[in-house]
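Here's a quick briefing on one protein model. Have a look at it first, then we'll walk through it topic by topic.

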Amino acid sequence: MAKIYNFSAGPAVMPKKVLEKVQTELLSYKNSGMSVMEISHRSSLFSEIQENAEKNLRRLMDIPSEYDVLFLQGGATLQFTMAPLNFANNFKRIGFINTGHWSQRAIEEANLINGVEAIEIASGFSSGYTKLPEENRTSEDLDYVHITLNNTIEGTAYKEVPYMKDKFLVGDMSSNILGQRYNVSDFGMIYAGAQKNIGPAGLTVVIVRHDLVEKSPNLPAMLSYKKLVNKNSTLNTPPVFAIYCAGLVFEWLIAEGGIDVIEKKNREKAQLLYDFLDNSSLFSSPVSVKNRSITNIPFVTGNSSLDAKFIAMATENGFVGLKGHRLVGGMRASLYNAFPIEGVKELLKIMQKFELEYK
Ligand code: PMP
């Protein structure tokens with residue numbers, strides 16, 4: 001089969017070594033005669049997988065001991081509801097930094113909860129979300145502040161986390177968790193859907209400060225961090241296979257040198273593409289230089305039919321998943337941890353060729 005470079009925003013490319021390991025272990029996990037998909041979530045074989053996954057995630061992200069780690073389902077989208085239910089109980093007001101589509105989805109879901117009000121304390125609207133807002137209007141009567149660290153569709157990302165005085169931050173890290181270094185203790189809670197830098201879809205990672213869990217109200221079990229923490233994420237059947245794969249990805253990342261090493265590689269990959277875009281006579285990046293994401297890089301020709309032509313040509317040549325999100329059009333290259341630098345170099349070659357033909 002011809003070489004494929006997968007630029008998809010998620011589900012996304014996984015490390016080949018991990019897929020190969022899954023393949024060798026698929027029919028009989030640790031000589032049990034059973035696949036990981038067939039073993040009980042109460043078995044010691046699975047407990048060991050989950051314990052190791054948590055231990056390695058803690059090591060990678062340097063997660064302090066006062067934080068709980070949860071392996072849940074429902075995607076990042078369910079956290080748009082769970083965070084307000086668990087934390088918005090005093091003022092019933094949440095501050096949102098609106099940086100694009102996914103923060104807006106979080107706002108919409110929070111507003112659907114009876115009595116809870118989402119307050120936009122900052123917005124990137126005036127720049128068409130090509131810039132992150134610089135000022136955040138925090139106020140006393142907020143339970144917490146929600147932030148989207150990497151805007152998968154718009155291609156912006158926070159390098160530094162804004163300081164919110166006495167308000168804790170809830171961070172949606174879905175598209176850059178493990179791809180760049182953040183300080184976990186800058187957050188009350190972090191959540192991420194797995195299907196970008198962690199593993200297969202069907203798993204959501206939640207990292208949450210234990211005192212906040214303790215203070216949360218009595219909620220239906222599957223919506224309650226407290227009840228999920230008390231049952232160590234196995235209140236019901238967890239996504240066993242996805243957790244197993246995530247565990248292998250964490251091991252792979254540790255062997256690669258961890259977050260600081262992979263972040264450097266991610267910056268190199270992104271810089272190659274940005275340098276090209278900034279010097280191209282056809283392609284350009286719509287995103288403000290200082291707010292550019294290193295994982296999701298949108299770009300355009302400025303002409304939608306040329307964009308479509310480029311995407312078709314790229315797809316034909318094995319560069320898949322380059323179509324921009326339907327909300328913004330154009331192209332988008334998602335360069336997650338498992339995406340190789342050769343893929344970027346090869347992409348630049350076809351972009352150069354296309355530019356010569358159509359500029
Ligand atoms: N937040 C961000 C930043 C995302 O990129 C996505 C998915 N692309 C979501 C939330 C929603 O994630 P899920 O599909 O896991 O619910």
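Let's start with Asn150, which sits in strand S6 (residues 150–151). Helices (H or I, at least four residues) and strands (E, at least two) are DSSP runs, numbered from the N terminus. Keep in mind that this is a predicted model, where local features need pLDDT of at least 70 and side-chain atom pairs count only at pLDDT 80 or more, while totals for chains, interfaces and linings use all residues. Residues are numbered from 1 along each chain as its sequence is written.

**Two residues up close**

- Is Asn150 buried or exposed? Asn150 is buried, because 27 other C-beta atoms lie within 10 Å.
- The cut-offs go like this: a residue is buried if 20 or more other C-beta atoms lie within 10 Å of its own, exposed if 12 or fewer, and partly exposed in between, with C-beta atoms placed from the backbone.
- Setting aside its neighbours within four places in sequence, Asn150 is in contact with Ala157, Ser175, Asn176, Ser293, Thr295 and Asn296. Being in contact means that the C-beta atoms of two residues, placed from the backbone, lie within 7 Å.
- Asn150 and Asn291 are 141 residues apart along the chain, and their C-alpha atoms are separated by 9.8 Å.
- Tyr5 belongs to strand S1 (residues 5–6), and Tyr5 is buried because 20 other C-beta atoms lie within 10 Å.
- Again leaving aside neighbours within four places in sequence, the contacts of Tyr5 are Gly318, Phe319, Gly343, Glu346 and Leu347.

**Two domains**

- The protein splits into domain 1 (5–16 + 258–358) and domain 2 (17–256); bounds like these come from an automatic or database domain assignment.
- Between the C-alpha centres of domain 1 and domain 2 there are 26 Å.
- Where they meet, 30 residues of domain 1 are in contact with 35 residues of domain 2.
- On the domain 1 side, helix H8 (259–279) and strand S11 (296–299) are the elements giving two or more residues, and H8 gives the most, with 6 residues.
- That side of domain 1 has 16 nonpolar, 10 polar and 4 charged residues. Here Ala, Val, Leu, Ile, Met, Phe, Trp, Tyr, Cys and Pro count as nonpolar, Asp, Glu, Lys and Arg as charged, and the others, Gly among them, as polar.

**The sheet**

- An open sheet of 7 strands runs in the order S2-S10-S9-S8-S5-S3-S4, with mixed pairing. Two strands pair if DSSP finds at least two bridges between them.
- Which strands are at the edges? They're S2 (67–72) and S4 (117–123), each pairing on one side only.
- Strand S3 (residues 93–98) pairs with S4 in the parallel sense over 6 bridges. Phe96 has Glu120 in S4 as its bridge partner, and Gly95 has Ile119 there.
- S3 is largely enclosed by the rest of the structure, because 5 of its 6 residues are buried.

**The ligand**

- Around the ligand you'll find Gly10, Gly75, Ala76, Thr77, Trp102, Thr148, Thr152, Asp172, Ser174, Ser175 and Gly193. To count, a residue's C-beta atom, placed from the backbone, must lie within 6 Å of the molecule.
- H3 gives the most to this shell, with 3 residues.
- By class, the shell has 2 nonpolar, 8 polar and 1 charged residues.
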